[in-house]
Amino acid sequence: MTTASTTPEFKEPKTWRVHHLMQAKQAGRKLTMLTAYDALTARILEAGGVDLLLVGDSYGNVMLGFDGTLEVSLEHMQVATRAVAHAVSKPLVVADLPFGSYEASPQQAFTSAASLMKQGANAVKLEGGQARVDAVRLLTSSGIPVVGHLGFTPQSENTLGGPRMQGRGAAAQQVIDDALALQESGVCALVLELVPAPLATEITKLLRIPVIGIGAGPETDGQVLVWSDMAGMTDWAPSFVKKFAELGPALRQATEDYCNAVKEGSFPAENNYRME
Ligand SMILES: Nc1nc(=O)c2c([nH]1)NC[C@@H]1CN(c3ccc(C(=O)N[C@@H](CCC(=O)O)C(=O)O)cc3)CN21
Ligand SMILES: CC(C)C(=O)C(=O)O
Ligand SMILES: [Mg+2]
């Protein structure tokens, strides 16, 4: 036996801390965020240099085959958060609070958020504006950094009438008021989803905290996408997505090549096995 097996693994200190978010905004450095739901993918995204990983409740529709995010439980989020947080050392890991785990009371929000922090999250994200102010206050005063989420909030798709742009026309003021209320209550960053670009620009200028956009135009402090949308894993993705690769077709082709190689006997070849 070597001593290596008993030496605790050295964990590099995190490059990204919550206070770096504000520094990035002040320095005009764009923040990059992608979702991640497992260790395998999180390691690759870390190697690509992403600043923040979001263990999004999009886990439900992207990875678990659910119809949307409403079916995702706190237990699902705990498993995914643990997998991502333990796999990476550089990016800041933000975990979504799933539907039904935080809305009833600040106490409920605290218990749920603490359970995700125990799995290694560095911050939690929750959806909604003024209705969340008390929960955000309790969490931040208890040592849990909180990221807000306004605009199209998928957990409210049933009351919003589906995935549609928010904050058009007179409704813009509501989004602005919610953003200010969240900042005032202590959120460290804000995700702004599917709002008109000029509104996102206005809110980005108005707030001290960084605004991370998705379908909100180019002038927010950062951008976030679902990793499998970004990598082209699926045929369909929201229209605000740009595919930076075609991993879906590449994986399908690799599968076809593997199946053909097995059937025609070219795999395994001599270098893929041993006689003794
Ligand atoms: N794969 C995936 N990507 C996402 O961006 C994502 C998820 N899943 N799940 C959670 C939420 C849900 N989101 C969604 C879901 C649907 C649309 C959508 O259907 N958008 C239409 C119309 C938008 C409009 O009114 O402009 C589109 O064509 O993009 C957008 C965002 C964003 N999030
Ligand atoms: C779309 C992003 C912002 C999200 O909340 C998720 O992936 O769950
Ligand atoms: Mg989400």
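Me: By class, what residues make up the shell around ligand 1?
Reply: Happy to start there, noting that this is a predicted model. Of the 13 residues around ligand 1, the ones that come nearest include Pro-163, Val-226 and Pro-238. Sorted by class, the shell has seven nonpolar, four polar and two charged residues.

Me: And how do the residues of the shell around ligand 2 divide?
Reply: Thr-35, Leu-54, Asp-57, Ser-58, Asp-96 and Glu-193 are among the residues around ligand 2. Grouped by class, the shell of ligand 2 comes to five nonpolar, three polar and three charged.

Me: Is Ser-58 buried or exposed?
Reply: Ser-58 sits in the loop between strand 2 (52–55) and helix 3 (59–62). Beyond its neighbours within four places in sequence, Ser-58 is in contact with Thr-35, Thr-69 and Val-226. A residue needs 20 or more other C-beta atoms within 10 Å to count as buried. Because Ser-58 has 22 C-beta neighbours inside 10 Å, it is buried.

Me: UniProt lists Asp-57, Ser-58, Asp-96 and Lys-125 as "binding site"; what is the largest C-alpha distance?
Reply: Good one to check on the structure! The "binding site" feature at Asp-57, Ser-58, Asp-96 and Lys-125 comes from an unreviewed UniProt entry. These positions are spread over 69 residues of sequence yet cluster in space, with a largest C-alpha distance of 12.6 Å.

Me: Which residues does Asp-96 contact, leaving aside neighbours within four places in sequence?
Reply: Asp-96 lies in strand 3 (residues 92–96). It is buried, because 30 other C-beta atoms lie within 10 Å. Leaving aside neighbours within four places in sequence, the contacts of Asp-96 are Leu-54, Val-55, Gly-56, Asp-57, Met-77 and Lys-125.

Me: Where is Glu-127 found?
Reply: An unreviewed UniProt entry places a "binding site" feature at Asp-57, Asp-96 and Glu-127. They cluster in space, with a largest C-alpha distance of 11.1 Å, although spread over 71 residues of sequence. Glu-127 counts as buried because it has 24 C-beta neighbours inside 10 Å. Its place is the loop between strand 4 (123–125) and helix 6 (133–141).

Terms used
Residues numbered from 1 in each chain as written. Chains lettered and ligands numbered in written order. Predicted model: local features only at pLDDT ≥ 70, side-chain atom pairs only at ≥ 80, totals over all residues. Near = placed C-beta within 6 Å. Nonpolar A, V, L, I, M, F, W, Y, C, P; charged D, E, K, R; others polar. UniProt positions renumbered as here; feature names shortened; annotations may be inferred. Helix = DSSP H or I, 4+ residues; strand = E, 2+ residues; numbered from the N terminus. Buried ≥ 20, exposed ≤ 12 C-beta atoms within 10 Å, placed from the backbone. Contact = placed C-beta atoms within 7 Å.
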